[in-house]
Amino acid sequence: MQTVTLNVEGMSCNHCVNSIEGAVSKLGASAKVDLSAKNVTVSYDESKLSVETIKEAIEDQGYDVV
């Protein structure tokens with residue numbers, strides 16, 4: 001398992017947390033959102049998933065990965 005922390009702009013509430021964690025979960029990975037730090041820590045299987053795919057899933061929810 002690989003772990004990456006992404007800086008994400010636009011998150012402000014529990015809906016944001018659920019939206020992002022749900023989108024990442026659908027990819028087969030797990031995410032932990034930290035609203036105060038404005039980041040998302042994702043654990044994933046690098047043989048099945050790329051960081052770019054994870055970023056796209058988060059951005060598809062309306063947030064900016066910076």
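Figure 1. V51 is a residue of helix α2, shown here in a predicted model. With a relative accessible area of 25%, V51 is partly exposed. In sequence, V51 and T3 stand 48 residues apart. In space, the C-alpha atoms of V51 and T3 are separated by 9.7 Å.

Figure 2. Strand β1 contains V4. The relative accessibility of V4 is 19%, and V4 therefore counts as buried, the limit for that class being under 20%. V4 and E52 are 48 residues apart along the sequence. From C-alpha to C-alpha, the distance between V4 and E52 is 11 Å.

**Figure 3. The cysteines C13 and C16.** No disulfide is present, the structure holding zero of them. The cysteine sulfur closest to that of C13 belongs to C16, at 3.7 Å. Because a disulfide requires two cysteine sulfur atoms within 2.5 Å, this distance is too far for a bond. Seen from C16, the closest cysteine sulfur is that of C13, again at 3.7 Å and too far for a bond. C13 is partly exposed, at 32% relative accessibility, whereas C16 is buried, at 5% relative accessibility.

**Figure 4. A patch of negative charge on the surface.** The patch is formed by E9, E56, E59, D60 and D64, which gather on the surface. Helix α2, spanning residues 51-60, makes the greatest contribution to this negative patch, with three residues. E9, another member of the patch, is located in strand β1, which covers residues 2-9. The relative accessible area of E9 is 35%, and E9 is accordingly classed as partly exposed.

**Figure 5. The backbone at K38.** K38 has a phi angle near 55°. This value is positive, and K38 is a residue other than glycine. K38 is placed in the loop between strands β2 (30-34) and β3 (39-44). At a relative accessibility of 43%, K38 counts as partly exposed.

Technical notes:
Residues numbered from 1 in each chain as written. Predicted model: local features only at pLDDT ≥ 70, side-chain atom pairs only at ≥ 80, totals over all residues. Heavy atoms only, no water. Buried < 20%, exposed > 50% of the residue type's maximum accessible area, 1.4 Å probe, protein only. Patch = residues over 30% accessible without salt bridge, like charges linked within 9 Å, V, L, I, M, F, W, Y side chains within 5 Å. Areas by Shrake-Rupley, 256 points an atom, 1.4 Å probe, with all protein chains shown as cover. Salt bridge = Lys/Arg side-chain N within 4 Å of Asp/Glu carboxyl O. Lys, Arg positive; Asp, Glu negative; His and termini not counted. Charge placed at Lys NZ, Arg CZ, Asp CG, Glu CD. Helix = DSSP H or I, 4+ residues; strand = E, 2+ residues; numbered from the N terminus.
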